[in-house]
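Trainee: I am new to this structure and would like to go through its pockets. Please show me the model.

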Amino acid sequence: MAAGMRGSTSTASPPSSSRSFFSGFYASALRRKNLLRSGEEHTNHGEALVRGLGLFELLLLGIGASIGAGIFVVTGTVARDAGPGVAISFILAGAACVLNALCYAELASRFPAVVGGAYLYSYTAFNEITAFLVFAQLMLDYHIGAASIARSLASYWISLLELFPFLKGIFPSWIGHGGFEVFGGIMSINILAPILLLILTVILCCGVKESSAVNSYMTSLKVIIVVIVILSGAFEVDVSNWSPFAPSGFKAVVTGATVVFFAYVGFDAVANSAEESKRPQRDLPIGIIGSLLVCVFLYVFVCLVLTGMIPYKFLDEDAPLAQAFNAKGMQYVSILISVGAVAGLTTTLLVGLYVQSRLYLGLGRDGLLPSIFAKVHPTRHTPIHSQIWVGCVAGIMGGLFNVHSLSHILSVGSLTGYSVVSACVVTLRWKDVAAGQVSSRHISSWHEGVVCLLVVGCCGFAAGFCYRFNGSFVLLLIAVVIAVLAGVALNFRQIYENPPGFACPGVPVLPVVSIFVNIFLFAQLHEEAWIRFVVVSIISIAIYAVYGQYNADPAGSEQAIFYHRASASDE
């Protein structure tokens, strides 16, 4: 229909041409992808991704993406305000992330055969334009985050090398520490960051087994160091330092939870390895939830040890753990912390680049991006063009610009993706007949449900806005009540069916709470992050209008997916 409209534009008058364009745009934007259910699989032969990731590799993938150098820093930063109650902050944030993880786990089990994560789920549950917007928000986070992490990793490498006395002070700023500013600070040259990105990109291009082996080794090293830190510090804990446990009150603990929530971001990377998992329907849910629970455990115990070793008031904001162990005369642990920080940032960067390439692969297959992104190497079975592209983007940004200054506009993509995934769980549970039913308000039951989900999101933002700017408690309460009413409507006015594979418990209540919490946290972001969300959305719609709507093929990836099973020895 859209093609027919576009074909008639050559003879139409300008008003008719305009109507045809918008009609075609509207029809294209509302297209949805139909995927095979779990258990069904194409058997075509061709270039393919290879199923080589087992459960252990998936667990380490999620842990590697989530725990970076922040475990050695953010714990002390938040403890300065929340006191020992920072442990509760991490538990609250972890509980909020578990809600998202359960939603991701259901969808990963429901559609385990296709790469794409949040983009794919929103394409299936909602429509093409929603999926493209989710991709754009996520990808900007990933690009800026990769460049920023590469710069931090370069700095940590130099700091680690400078532990040797003969190397201390010999490295200029343009190699790794910060950068050499030119053109009045518009550009900041850093040589080591793109070199590190090049090395990791080459590893990722070699194959999923090679990159998984590097991630497994570095993540295992990182976890071992964190456990050593916990056990070493446990013998130096003075329980009197835990009193008072929440010196600034519970609100400071909740505020701390909104900050440390982003320390868990990364567990969703497991969902993007769907095509490379040996047993995706079983292993993906376990990998997503299991990796997150391990992270919660490690963060909470690091917090308890840190605040028990020295009073929270005296914690250093830049290197709290190193300071705590130095104060106890345990300088060797500080060296381990430096090694752990390098390992942590390396795995976070490696997994981030891996996820980006798989997202580009998905959009290339669907035609929303040029087909070159859909190319898979015939022997390495990796999306080599996508991988090189994301490495180049991160290398240019990390090598030429001080992207740390953009950190306050990050996390928009993660929260957007988490919210949409939670909504997808609800909509995909509705029975097909629901779309044709008409409610008393003369709209379909499906549209009524979507309106309720939007109301929950808006109420979450209103409540978060009131909380952040100390607004009226009555307004905050009204927002919560309206969200509850929308949740009640979703519960009683929709018919739900059980999905194949893993099922998220408590649908629709749990996903509704997840959406509310995510958007509440969205309201806590810097105002420039809100502006970034609007600007990126507008630019994305323009790109879709010019390119995506004419080239997209929702059935493209379903027709182009080919699989290579892991060898029997790997099973």
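Mentor: Ala, Val, Leu, Ile, Met, Phe, Trp, Tyr, Cys and Pro count as nonpolar, Asp, Glu, Lys and Arg as charged, and the others, Gly among them, as polar. The model is predicted, and totals for linings use all residues, while local features need pLDDT of at least 70 and side-chain atom pairs pLDDT 80 or more. Residues are numbered from 1 along each chain, and side-chain values use heavy atoms, without hydrogens and water.

Trainee: How much space lies in the largest pocket?

Mentor: A pocket is an open set of points on a 1 Å grid over the protein atoms alone, where a 1.4 Å probe fits, with protein on both sides within 12 Å along at least five of seven lines. Its volume is the space filled by probe spheres set on the points, which are joined across faces, edges and corners. For the largest pocket this is about 1600 Å³.

Trainee: Which helix gives the most to the lining of the largest pocket?

Mentor: Lining residues have an atom within 4 Å of a point, and helices are DSSP runs (H or I, at least four residues) numbered from the N terminus. Elements giving two or more residues include α3 (55-66), α7 (128-161) and α13 (331-366). The most, nine residues, comes from α7.

Trainee: How many residues of the lining of the second largest pocket are nonpolar?

Mentor: The second largest pocket holds about 1000 Å³ of space, and 30 residues line it. Its lining has nine polar residues and one charged, and the nonpolar ones number 20.
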